[in-house]
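Topics are the surroundings of one residue and the interface of two chains.

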Number of protein chains: 2
Amino acid sequence: MNDFRISNASQFEGKIVTVQGWVYNMRSSGKIKFLMTRDGSGIMQGVLVKGECSDESFDLFEKLTQESSVQVTGVVRKDPRGNFELGVQKIDLITMADAYPISLKDHGVEFLMENRHLWIRSQKQWATLRVRSEIIHTIHEFFHKEGFVHFDAPILTPSSCEGTSTLFSTNYFDEKAFLTQSGQLYGEVGAMAFGKIYVFGPTFRAEKSKTRKHLTEFWMVEPEVAFANLADNMDLGEKFVEYVVGTVVEKCGKELKILERDLKELETIRGPFPRISYDEAIKILEKRGVGIPWGEDFGAPHETALGEEFGKPVFVHHMPAEIKAFYFKQSDTVGGPGVTGNGKYALGCDLIAPKGYGEIIGGGQREESVDALKRRIAEHKLDEKDYSWYLDMRRFGSVPHSGFGLGVERTVAWITGAEHVRETIPFPRMLNTLRP
Amino acid sequence: MNDFRISNASQFEGKIVTVQGWVYNMRSSGKIKFLMTRDGSGIMQGVLVKGECSDESFDLFEKLTQESSVQVTGVVRKDPRGNFELGVQKIDLITMADAYPISLKDHGVEFLMENRHLWIRSQKQWATLRVRSEIIHTIHEFFHKEGFVHFDAPILTPSSCEGTSTLFSTNYFDEKAFLTQSGQLYGEVGAMAFGKIYVFGPTFRAEKSKTRKHLTEFWMVEPEVAFANLADNMDLGEKFVEYVVGTVVEKCGKELKILERDLKELETIRGPFPRISYDEAIKILEKRGVGIPWGEDFGAPHETALGEEFGKPVFVHHMPAEIKAFYFKQSDTVGGPGVTGNGKYALGCDLIAPKGYGEIIGGGQREESVDALKRRIAEHKLDEKDYSWYLDMRRFGSVPHSGFGLGVERTVAWITGAEHVRETIPFPRMLNTLRP
């Protein structure tokens with residue numbers, strides 16, 4: 001293997017190196033030939049000049065096709081604009097590529113999605129997925145630094161976490177198993193054993209909705225903290241999102257430039273993020289001409305309006321209890337202490353990203369009373385038997401606790417400015433999309 | 001929220017702090033009472049002495065049950081053995097726990113598995129899962145440092161990677177989808193776009209085998225590198241395993257001590273690891289009295305014998321082609337260059353852990369010829385149509401490439417000395433085990 005990578009070309013100035021990669025583009029300018037090679041870490045221009053470069057390589061240059069694999073040997077040097085280029089001495093062909101289906105011109109999305117396995121070689125897709133990789137690494141780094149234990153929730157589960165209408169199921173030997181919709185309930189188990197944990201894994205929703213924010217298979221990070229209340233939860237979410245955005249801005253300048261992402265805008269994403277109650281949000285929506293009756297959930301226009309109002313991520317807390325899941329702690333007042341039992345509000349908090357990228361965090365404080373939870377499970381027409389292990393968290397040392405889930409793809413979409421979440425994951429799974 | 005955590009008690013010597021946690025154990029010695037509290041980061045002894053501690057707290061102490069949640073306030077001080085303990089001033093009860101089903105005495109495994117959600121609070125399980133968390137973090141850290149892009153393979157796939165007998169399936173809208181058995185084929189796509197990638201995610205095998213090394217749902221890390229051959233692949237695996245073990249020894253001393261793991265043995269796990277061909281392995285097995293005919297796969301006794309022979313992880317390479325998957329590059333000789341087409345050997349490499357922990361790495365060099373692959377797909381009675389995108393990796397810039405998969409749970413089992421992989425994941429999924 002070869003230590004040289006285009007991304008660290010600056011360390012090789014003046015040295016002879018071999019780029020191992022693929023032909024990205026070629027052009028001629030009189031007797032000089034230019035060969036753009038990509039090696040996965042970046043793209044480098046090679047310059048072929050008669051006398052410096054072997055005649056065989058000149059001949060080969062004429063035959064090369066896009067995406068053919070090559071080894072290009074030459075001297076690393078700075079070009080007049082300060083980029084590092086290669087003074088090519090020799091090109092060795094590894095494999096000549098067939099006529100490549102994706103040219104540098106525009107193609108329809110359907111065609112590109114069918115060729116997703118090749119499309120990801122294109123600059124914007126490549127840059128988006130590099131940012132995704134950095135975001136995922138930053139997520140692990142943040143929670144590790146903060147003393148959280150990485151705690152895997154199971155993917156195959158015997159019952160549902162977020163309602164039963166969007167479940168994928170499989171035969172599990174003699175019974176039925178469901179693909180997890182969220183690791184939260186298991187994450188709560190982890191918080192009681194380790195104090196602070198985070199679940200990170202794929203989650204599944206058999207959603208029939210075809211929007212730019214929905215995938216059937218998506219990745220979530222779900223921290224859960226014992227002895228944390230709703231305010232602590234928003235503090236954690238704020239610190240976390242600020243850290244992720246800050247790190248991406250710091251480390252992914254090259255990728256964000258390819259994506260033409262406005263860096264200035266990202267640089268303003270710093271805490272404190274506004275925190276408004278659902279009641280306040282309703283008033284803002286009314287004022288902005290997209291009012292909804294109290295008790296309804298937000299849709300895309302409402303999230304967009306809240307983004308416009310604040311220009312940065314905004315927490316909405318204290319939602320109507322009736323639209324939230326059974327496990328939320330409830331309260332009769334906004335800001336007051338929670339009640340044991342049913343209240344008007346759920347102690348939830350959603351973080352809405354600007355520019356219509358939607359809810360990137362959903363979470364809140366959990367109900368810690370075993371009796372209140374049992375009642376809630378009955379009201380939601382769930383089977384208490386399925387939640388017996390979950391109720392045990394309240395029977396054996398219940399404590400106030402909170403957590404949230406952050407959707408990786410929506411976060412990548414927001415940070416990279418992607419039009420659709422399908423571009424933020426290598427192989428998106430959507431309604432009618434299971435290939436490649 | 002509270003900044004104090006038992007794991008960083010040393011930073012609070014002489015200060016008054018509040019431990020937020022759960023009652024782990026209690027004992028009395030005359031008029032002095034001892035309260036062991038766990039907070040998820042560790043266990044701390046609190047000492048109650050009349051006059052220093054409130055009378056109400058003394059009364060409460062008498063009523064406390066195991067796993068009740070409490071806040072214990074007191075002064076952090078060093079005990080005569082150098083540990084930090086708490087001179088308790090006050091105990092506040094959060095919730096009194098019901099009679100806790102798991103006592104500090106022994107229970108049967110079946111019972112403990114049914115109460116897995118509580119069992120993980122016990123010291124050895126807690127320590128094992130903390131080591132798991134550290135191993136996972138170290139895996140991400142290693143590949144990030146080495147310039148690999150984190151590249152997620154899909155979980156829902158339209159076809160199989162490792163044979164069709166152990167697949168879980170689900171209805172995916174109007175067609176059938178399978179839960180991935182390995183992200184490798186998709187990882188190869190990533191290597192052609194990014195040069196070096198790693199897939200990290202859950203994988204599934206509907207195995208009916210009930211052994212101490214099998215789960216139906218387990219996590220794998222699968223690096224894949226373009227322009228890497230079999231020897232490069234073993235170099236990477238060796239460096240990786242050495243790094244993971246070294247980091248765990250460095251960072252998890254406390255956990256390994258709880259697990260009574262022999263640190264000296266782990267400290268010897270340094271490269272170079274022996275590399276032997278399958279042919280050589282067959283001779284060693286013969287010599288050690290567990291001979292098998294050439295062409296057969298290793299079972300547990302053979303892996304154990306190889307571990308005894310070398311006392312550290314050992315790579316076995318150049319296996320019989322006929323027992324390996326369709327995507328391996330093949331060769332007619334051990335050590336010779338690969339052939340385009342069928343050979344006697346597959347350019348595979350498995351890393352066998354010592355002491356019967358089995359194969360922790362399986363991998364090798366991939367076939368890069370589109371024609372050879374097509375033939376292989378037909379021979380394995382697979383449907384070429386399903387692999388059209390995979391074949392595209394050979395049509396458009398094929399290069400030699402290699403990779404491997406490391407099973408997280410087996411690695412955790414080996415490093416922690418766990419008896420069974422079920423203890424190395426929070427919620428193991430096995431034949432007949434889908435709960436909690």
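Two residues are in contact when heavy atoms of theirs lie within 4.5 Å. The model is a predicted one. On that basis, the points below start with a glycine of chain A and go on to the pairing of chain B with chain A.

**Surroundings of A:G341**
- A:G341 sits in the loop that links strand 14 (330-331) to strand 15 (345-353) of chain A.
- Leaving aside residues up to four places away in sequence, A:G341 touches A:Q330, A:E367, A:A372, A:R375 and A:R376.
- The relative accessibility of A:G341 is 2%, so the residue counts as buried.

**Symmetry**
- Chain B is superposed on chain A by a rotation of 180 degrees with 0.0 Å of shift along its axis, at an RMSD of 0.0 Å.
- The two copies are therefore related as by a two-fold rotation axis.
- In chain B, the residue closest to the rotation axis is B:T170, at 2.5 Å (C-alpha).

**Interface**
- In contact are 101 residues of chain B and 102 residues of chain A.
- About 8,100 Å² is buried between chain B and chain A, and carbon and sulfur atoms give 65% of this area.
- B:F173, B:F227 and B:F396 supply 10% of the area that chain B buries against chain A, more than any other three residues.

**Polar links**
- Four salt bridges cross the interface of chain B and chain A.
- A salt bridge joins the side chains of B:R435 and A:E175 (3.0 Å, N to O).
- Between chain B and chain A, 44 residue pairs are in polar contact.

Notes. Residues numbered from 1 in each chain as written. Chains lettered and ligands numbered in written order. Predicted model: local features only at pLDDT ≥ 70, side-chain atom pairs only at ≥ 80, totals over all residues. Heavy atoms only, no water. Helix = DSSP H or I, 4+ residues; strand = E, 2+ residues; numbered from the N terminus. Buried < 20%, exposed > 50% of the residue type's maximum accessible area, 1.4 Å probe, protein only. Least-squares fit on C-alpha atoms with pLDDT ≥ 70 in both. Buried area = accessible area lost by both parts, 1.4 Å probe. Polar contact = N/O pair within 3.5 Å; in protein donor to acceptor, adjacent residues only side chain to side chain.
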